[in-house]
Amino acid sequence: MNKKTILLAMMSIVLITSACKKNDDPEVNLPGGKGDIAILTIIPNPDGMTGGQFIQLIDGLQPTVDNANAIAVGYGGASPYFNGNDMYVFPSYMGDTKNELVKYTRSNRQFTKAGTLKLPEKSGATNIVQLSAEKAYLGCASIGKIIIFNPQKMEKTGEIDLTSLGIEDKNPDIGAMIIRDGLLYVGLNQMVGGWIPPATYTNTDIAIIDTKADKLLKMISETTSHISMATRPIDPYCIFADEKNDIYVSCIGAFGMLPGTEHKAGVLRIKSGETEFDQSYKYTITGAAIQGEQKTAGFISSIVYAGNGKAYAYINVPGYYKPGEMGHSAIADRAVEIDLYNKTMKKIEGLDLTNGYGISVAKYDNKIIFGNASAKNKGFYLYDPATQKVSEKPVIVPVGNPYGFHYFGK
Amino acid sequence: MKHKTLFIILILLCLSPMLWAQSNKGKYSVVVIDDNNEETLPGATLYIESLKKAAITDRNGEAFFSNLPEGTFVVKISYVGYKSINKNITIIYGKSPKVVIRLTREANSLQEVVITGKTEARLLREQAMPVSVISMQQLQGTVSNIQDVLAKTVGVTIRSSGGVGAASRISVRGLEGKRIGFFIDGSPMNDNSDFIDINDIPVEMINRIEIYKGVVPAKFGGSAVGGAVNIVIREYPPKYLDANYTIESFNTHKASLALKRNIAEKGYEFGAGGFYTYSDNNYTMQSPFDDDLKIKRDHDQFKKYVGAVSFKARKWWFDLVEFELPFIRTEKQIQGIEYNIRQAHTTSNALVFANKMEKENFLTEGLDFENNISYAYTQFGLIDTAAYRVGWDGSIYPAISAKGGEIGMWASNSDNKKHILLHKLNLNYVINANHSLNFNSVFNWAYGIPQNPLKELVIGYKTDFNSHMKSWISGLSYDFRTSNDKLLNSLSAKYYFYAMNTTLASIVSPTPEKINMKKHDFGVSNALRYRITSDLMLKTALGYDVRLPSETELLGDGFIIAPAGNLEPERNTSINLGFLYDLTGKHRSNLQIEVNAFAMYLQNMIRFTGGFLQSQYQNFGEMRTIGIEAEVKADIASWLYGYTNATYQDLRDTRKFEQNTTVPNPTKGSRMPNIPYFMANAGLEFHKENLFGGKDQNSRLFADAAFVEEYLYDFEQSNFQERRIPRTISVNLGAEHSFMNGKITVSAKINNLTNTRMLSEFNRPLPGRNFGLRLRYVIK
């Protein structure tokens, strides 16, 4: 065989290889799995800026779950919003997914894609509250607007422009929201650049909107406690109402990023029937003691209210950052039980410190699920508030970081 | 003090062999000149077939052979555009004759172009290091920038993010970014990426591109672990004019001019040149984020101005003393893809003063000296002060900060100035025909003066402080070559030193902190080439290389990117085994077949780690690579040249545990994401003289196809993962026609003939089908 033949043969191989049809048919199963629990996992890429985030249904608590049948969703976005059997997935906060809100509906214990709502680019859409089957509000942190949409039709029906409420800029940075008595309470972060509000602006601001007219009624401010930045946008349940219909607002105090200023993280209250802050209730988290924990608290990373004034949360503890360490890989979050009425915190025994990817807290019947990614283990743990015991080992061990959990009920 | 001592020891190590250096038996020097005008001819090739020895004339038109046996031999002398001649030379021990050889121009030069180009490249390929060498004589007219050249090269991929002037990353065997050294004429350029991008250099100004894979020779002073790309700028003849103008799609204009004039009796050469590139880059792209949105890019204008003057003296005590004064200015708009950007842009300026001195037989016989010193003053600014953002549909949105801005987290009006001093010394000592030593030292000092008052207003405190940075990278290599040239072994050791003094602001501390850091490390490599037959050689290389953390990685930006003073250097262990079968110049097919297998193990990978609020560069794990690459090139007929190559590279995550934990790593064994694993290229070139009649004309037609298999953007986890970079096959066509024996050349090309939707990453749309037309005028 001469050399020309060799050359032509090799070139042919290249072209034939190029022309081959790839076999990429997914093997079996529908995307998203099957079951009554939705779990989110997250796996960063080596570049650190991007990664994979996966969501799937599983049937009850399962010892091990891989991501083979999971739906890939935007990396680093807010946790999905769940309402009944519906799940709304936000675009990635980093902007590397399509600019749309995707609705999945769980039927026959499986997800089906039920529609999409096109969103403005770089909207910062992170939070939804649903008023009725036909009306919901979508907070868009990066553009200072709330989009009103019909969840059944996934159609935009209006918007509320809050840009005039911005302090020093044209964006009040919409956070988490809640509806009470026909009024929409909107947490405002008032950031002016980076992730921080003005160094001297230590108010907590909340916009109150009349859901009948979809008009801004007023912005209320708590100006005395130096507790600042109402709600964490990607933590859906950080503004909640208790059995008395009092609203509690977790405020993140510039994440501790403004040293030498008076910004503090904490919890404030708007009592039932009121539309102003309750001046008798100010619970400062920054610097607060945690029973069973040597170091003091920074801010509330995530929280869920469980009833009787008790909330379960992860607290970011600055004292656990190693020198020079920052970022999600820092293992510095402590699981706690918060007694809102008595303004105390207690460490959940049996759960190690976790990194920034493992801070999910969710209700599971009358128990609590903590996602936890410690130096030794990774998974979802089951905590029983009645016995105050946490499972010895994870009740679900996923592949990747335990980023989110939602129980649809039997 | 320790470093000074080490430096002295290295110098002594380098110089001590002189004491026992042997006399150069059988030495023969040749000066090649133009028969017509007596100008010297740098780059002419000399080849003694019976001894399998070759040499290339240097900048003075001089070449020499050493350690030749006594006797009479035939040496063939070739040069582009000149008639090759054979000359008998007689070697008598103890005598070192120097002869002048005159070449005459010939009208019909194409074949010589091809042969000469390949012969030159062949000499480099026959080094022990794994290297691909691309002679630009073959490629001019068929490519519009270096990216086009590299994309055809086996084992290399280019990750461009857009059109003309867009940032691009070179990936060699899967390693990319700062891990790959970028050199121009052997000087490291990695820290100057804001000022000169690899694609900026006009192809007509390039002599050749050398791509070192895995093991980087010690003579390159930079710290690179994955390989290096060295662009060798053309050495123009003493009297020369080369003018080029290119017009391409998307309102792209490129013009370059090189002038050279000499005073032969004084040995002076005066040069001036420069280039200008302008592009609107206004191609239409399908939004990766909205299926219904097609965007005509309208904020991607790119302008680059480069001008330089030079003076060379060839008859002073040094063989060459050169002074150069280049100036570079770049203006670049920033095109939005995820969202619209209307105003943000960057400007950069660089003024460089460079001096080079060369002398052969410096102080003693056999010692070649090359000394480079340069000073650069650079300025870079990002201007992002828009009062509001504008959506694709014209909607108005708030700026990203209280002081405006469209990108990132704050407004910016930065003015970062830097003074850079670079000293490079290379001493090459040929002890005898069997042994040689090379010492290389690169010292870099930089003083940065950053300013960004708008950022400080937004954040509320100062984040950017003046910084001093020093680095010294030195290498010593020892080459052993057997007398029959069957075996060549090259052993290198490198020492790295890096120091920085600066001030860091931190979000957790109101008081800025003084930083004084020093780091040092060692690397070693060995490469061996064994000639199994005169046409077939075996090449092996084993390397343990180090990449020092960059300034950005160490210092962050004081706010969103936290400093990481405890970063360790990256370390890469690599092994290469290859075979080269080469008939260039020996058979009319000029067949070359090269197959390489390689493996690498990268530790202490430095990667960006996203965070709640702050991110940071961290040493993050390790990965391994196993791969194979093959390439075949040949003249299929006297009028048809073809090449094909393919690369398979399997990069896998090898971390046992997740960072800072004892938790098993869920992606251990998974393919590293966002890195292609199978690529192939093929091309044909038809060439014929006087195709359309007439005389002194030459025509070339060419077609290239590139294939990249689909790969995932993230670690593979789900059967339903959508973030994939699709399989692409792109085809480029071109034609070139030269008149008047190459004095005038017209070339045209079509890129992406099939208008394939090309994406870099998984969401950076690249241009569709586009066209270019180039006119070149040369006076020699």
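Student: Which strands make up the open sheet of five strands in chain B, and in what order?
Tutor: The order is β8-β14-β15-β12-β13 of chain B, with mixed pairing. Strands here are DSSP runs of E with at least two residues, numbered from the N terminus, and two strands pair if DSSP finds at least two bridges between them. This is a predicted model, in which local features need pLDDT of at least 70 and side-chain atom pairs count only at pLDDT 80 or more, while totals for chains, interfaces and linings use all residues. Residues are numbered from 1 along each chain as its sequence is written, and chains are lettered from A and ligands numbered from 1 in the order in which they are written.

Student: How many bridges join β8(B) to β14?
Tutor: Five bridges link β8(B) with β14 (residues 206-213) of chain B, and the two run antiparallel. Within that pairing, B:V131 has B:Y212 of β14(B) as its bridge partner.

Student: What about β28(B): how many bridges join it to β24?
Tutor: There are 14 bridges between β24 (residues 367-384) and β28 (residues 416-430) of chain B, in antiparallel arrangement. B:Y375 is bridged to B:L421 of β28(B).

Student: And what joins β28(B) to β29(B)?
Tutor: A hairpin does, through four residues. These strands run antiparallel with 14 bridges between them, β29 covering residues 435-449 of chain B. B:K424 finds its bridge partner in β29(B), namely B:V442.

Student: Changing topic, where is B:A166?
Tutor: B:A166 sits in the loop between β9 (156-160) and β10 (168-172) of chain B.

Student: Buried or exposed, and why?
Tutor: B:A166 is buried, because it has 21 C-beta neighbours inside 10 Å. The label requires 20 or more other C-beta atoms within 10 Å of a residue's own; exposed means 12 or fewer, and partly exposed lies in between, with C-beta atoms placed from the backbone.

Student: Which residues does B:A166 touch?
Tutor: Not counting residues up to four places away in sequence, B:A166 touches B:S160 and B:S161. Contact means that the C-beta atoms, placed from the backbone, lie within 7 Å. The C-alpha atoms of B:A166 and B:N281 are separated by 9.5 Å, although these residues are 115 apart along the chain.

Student: How many residues has the largest nonpolar core?
Tutor: It has 123 residues, and A:L138, A:V186 and A:A313 have the most contacts inside it. Such a core is a set of buried Ala, Val, Leu, Ile, Met, Phe, Trp, Tyr and Cys residues joined through C-beta atoms within 7 Å. Strand β1 (residues 37-44) of chain A gives the most to this core, with six residues. A second, separate core of 76 residues includes B:I146, B:V546, B:M605 and B:Y711.

Student: What is A:L138 in contact with?
Tutor: Leaving aside neighbours within four places in sequence, its contacts include A:L101, A:A125, A:I128 and A:F149.

Student: Last topic: what domains does chain B have?
Tutor: The assignment gives domain 1 (26-106) and domain 2 (231-779) of chain B, with bounds from an automatic or database domain assignment. Nine residues of domain 1 of chain B and 13 residues of domain 2 of chain B take part in the contact. The centres of these two domains, taken over C-alpha atoms, are 36 Å apart.

Key: Contact = placed C-beta atoms within 7 Å.
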